[in-house]
Amino acid sequence: MSSARDQILKRVNDALAPLPERAPLPDWDRELVHVRETAIPPSTDLWALFSERLKSVNGEPVDDLATLVNLLRENGWLHGYCDPALWPELQSAFDESFTVETDFDRTRVDDYAFGITAVAGAIAETGTLILGDNTTSSRLGALTPWAHIAVVRDAQIHPDILAAINALPEDPNLIFVTGPSKTADVEGILIEGVHGPGRQLALRR
Amino acid sequence: MANQPIDAYAASLPPDKRESVYQSTKGTHEKRTKLLWDHFLDPNELRQTAGRIKQHVIENLDTLLPAAEAKLQANGVQVHWAPTAEDACAAVHGIMDARGATKLVKSKTMVSEEIELTPYLEKRGMEALETDLGEFIIQIDHDHPSHIVRPIIHKNRREIATSFEREGLGDYNDEPEVITRRARDFLRQKYLQADVGLTGGNFISAESGRLVLVTNEGNSRFCLAAPKVHIALVGIEKLVPRDRDLGLLLNLLGRSATAQQLTVYTEFITGPKSPTQPDGPEEMHVIFVDNGRTEVLASQCREILRCIRCGACLNVCPIYRQASGHAYRSVYPGPVGAVLSPLLAGKQFPELADLPKASSLCGACNEVCPVDIPIPDLLLRLRDKGKTEGAPKASIGVPPMGGWALMASQPTAWKAALAGGKVINHIPTKLIPFPPLQSWTSSRTLPEWRGGSFRKWMKNRPSK
Ligand code: SF4
């Protein structure tokens with residue numbers, strides 16, 4: 001008996017055999033997918049554009065560390081997780097009212113109000129954050145807390161989706177995150193934070 | 001004359017359900033159109049190019065499938081092949097067994113609906129839990145999704161609140177926010193307990209072996225963060241040739257499906273987690289599912305395999321809007337379902353042979369389709385198939401037109417009929433016991449007969 005693989009490939013071959021010719025692979029120009037209003041000139045301040053787009057998908061850009069810490073405090077988000085590689089750089093802004101762990105304990109997912117992780121990139125056109133295994137210290141640390149803070153550096157921002165896809169880094173798992181987790185399953189009403197973060201922030205560094 | 005099954009179903013729907021399906025599909029459709037035309041200089045050129053790329057894919061599956069397989073394997077993914085639904089279920093079961101796994105969490109996948117994976121696993125003592133909010137509600141209600149993108153478009157918050165109360169997920173509360181939070185609390189525990197995360201696959205790039213998944217809720221991300229094994233069920237047609245084509249298709253998918261520029265979570269997965277990453281699958285499996293797709297490929301309707309399951313054709317379809325998804329009696333509803341379901345049914349084609357008639361052939365589905373599938377043409381081809389194969393379902397609601405055909409194909413008979421046709425203006429046609437006429441006039445008014453005058457005019461026209 002032939003293997004399942006051979007069986008399927010044989011059926012594919014048989015199905016395609018009668019075709020007099022095959023549809024060619026079209027080439028296409030990047031102009032085709034250029035979003036009209038964001039045809040981005042090279043001199044554009046990508047952080048400014050990224051911030052504006054992030055806001056339009058209900059994400060929150062944060063320009064500096066002090067603002068972030070205030071925001072966390074105001075919301076009563078005092079217990080969180082932070083990528084161990086970022087903590088030395090951020091630590092001094094957090095006072096003793098905060099408890100920040102650099103090891104994510106999956107048995108206590110609900111204890112973390114916030115998670116701070118680094119990005120692999122960002123996309124200005126869509127307000128998207130790119131997370132990867134090699135850059136995100138813990139998938140769960142970026143996903144389960146109510147607020148996720150992605151740390152973005154200016155040089156990491158791509159102008160548009162195509163540029164980002166053309167420059168995807170080597171990484172077994174890359175994820176484009178565009179705003180907070182959301183659903184409209186119940187009567188089409190938009191609710192945020194269905195499985196992942198209810199608040200998606202981006203901190204500029 | 002009997003109603004077509006889909007009309008009968010639509011007529012049986014409570015008016016409030018019909019209205020809510022109508023309103024929400026209409027709203028999404030309008031937003032989608034605005035977004036595409038606001039954003040792109042030439043959205044039509046964009047969709048046609050996407051269509052040509054996907055057509056290339058399906059006509060070159062013989063080389064693209066092995067190419068994708070080789071890349072996946074080089075990336076550390078185990079590749080399985082499933083000729084039938086049963087094979088696909090058995091493959092999932094086999095992977096679970098080998099790991100001693102008993103609990104699986106699923107991120108919405110239409111293929112798993114198609115192969116009826118959940119009952120298969122449950123019968124064998126495994127737990128398979130849906131995590132997409134809509135699909136989770138469908139599962140606790142033992143119901144079926146009625147839309148590819150919005151599975152519970154047919155349910156209102158009161159029904160959902162009642163189901164949650166019945167399942168012990170808190171006292172009755174129909175606030176969507178409360179419903180969502182309760183599902184969040186319940187499901188995150190399930191993700192953490194599960195051994196396996198199962199997803200579908202929106203695209204696989206043959207160039208790099210990247211598997212692309214899109215969700216808004218983040219449930220697929222959770223399925224790939226907590227459990228140690230990832231299984232992706234992927235239809236053999238879901239390939240794209242190059243990574244850059246993903247840029248084009250993703251630009252279209254979010255806008256066409258839910259009028260978003262980009263879906264909230266778009267994942268590009270090449271394999272098991274990186275060794276430095278504490279969370280995520282140590283093992284990744286891709287199961288390529290045929291289950292009738294090669295038969296579709298061999299048919300005159302192979303273009304339907306371009307479909308990227310965006311749901312735009314459902315939202316715009318006047319029949320879907322009135323009838324909702326369950327009227328299509330199959331996994332894939334709406335215009336795409338009217339083509340795909342009868343084809344995937346294989347020998348059971350006659351059972352669904354009426355679906356290709358569930359269309360006004362207005363062409364709206366073709367116009368919105370991000371991969372430019374000529375759905376109306378495919379429906380006509382399938383109507384023809386139904387008729388040639390003599391499927392009884394294909395002729396429900398169609399008056400026998402044999403007599404008419406005979407008359408219309410004989411010039412003498414035709415002329416005589418035209419000349420004598422005036423008589424009809426003086427007869428109460430509704431009372432004539434002639435089924436084809438009765439069926440026609442039951443929902444229309446017969447216009448006044450004016451036949452024959454064109455010929456007279458033509459004849460008497462002064463020659464130049
Ligand atoms: S047929 Fe076209 S419009 Fe309909 S779901 Fe598929 S891709 Fe979308």
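In this predicted model, the contact between chain A and chain B involves 76 residues of chain A and 95 residues of chain B. About 7400 Å² is buried between chain A and chain B, with carbon and sulfur atoms giving 57% of that area. R139(A), D185(A) and H195(A) supply 11% of the area that chain A buries against chain B, more than any other three residues.

**Polar and charged pairs**
- Between chain A and chain B there are 7 salt bridges.
- One salt bridge links R22(A) and D62(B), whose closest N and O atoms are 3.1 Å apart.
- Across the interface of chain A and chain B, 47 residue pairs are in polar contact, both residues being at pLDDT 80 or more.

**The side of chain A that touches chain B**
- Two or more residues come from each of these elements of chain A: α1 (4-16), β6 (128-132), α5 (139-143), α6 (161-166), β9 (173-177), β10 (182-183) and β11 (191-192).
- The largest share, 10 residues, is given by α1(A).
- Sorted by class, this side of chain A holds 38 nonpolar, 21 polar and 17 charged residues.

**Strand pairing between the chains**
- Strand β9(A) is joined to strand β9 of chain B (residues 265-269) by 5 bridges, and the two strands run antiparallel.
- Within this pairing, V177(A) has Y265(B) in β9(B) as its bridge partner.
- β9(A) is also among the elements that give two or more residues to the side of chain A that touches chain B.

Definitions and conventions:
Residues numbered from 1 in each chain as written. Chains lettered and ligands numbered in written order. Predicted model: local features only at pLDDT ≥ 70, side-chain atom pairs only at ≥ 80, totals over all residues. Heavy atoms only, no water. Contact = heavy atoms within 4.5 Å. Buried area = accessible area lost by both parts, 1.4 Å probe. Salt bridge = Lys/Arg side-chain N within 4 Å of Asp/Glu carboxyl O. Polar contact = N/O pair within 3.5 Å; in protein donor to acceptor, adjacent residues only side chain to side chain. Helix = DSSP H or I, 4+ residues; strand = E, 2+ residues; numbered from the N terminus. Nonpolar A, V, L, I, M, F, W, Y, C, P; charged D, E, K, R; others polar. Pairing = 2+ DSSP bridges.
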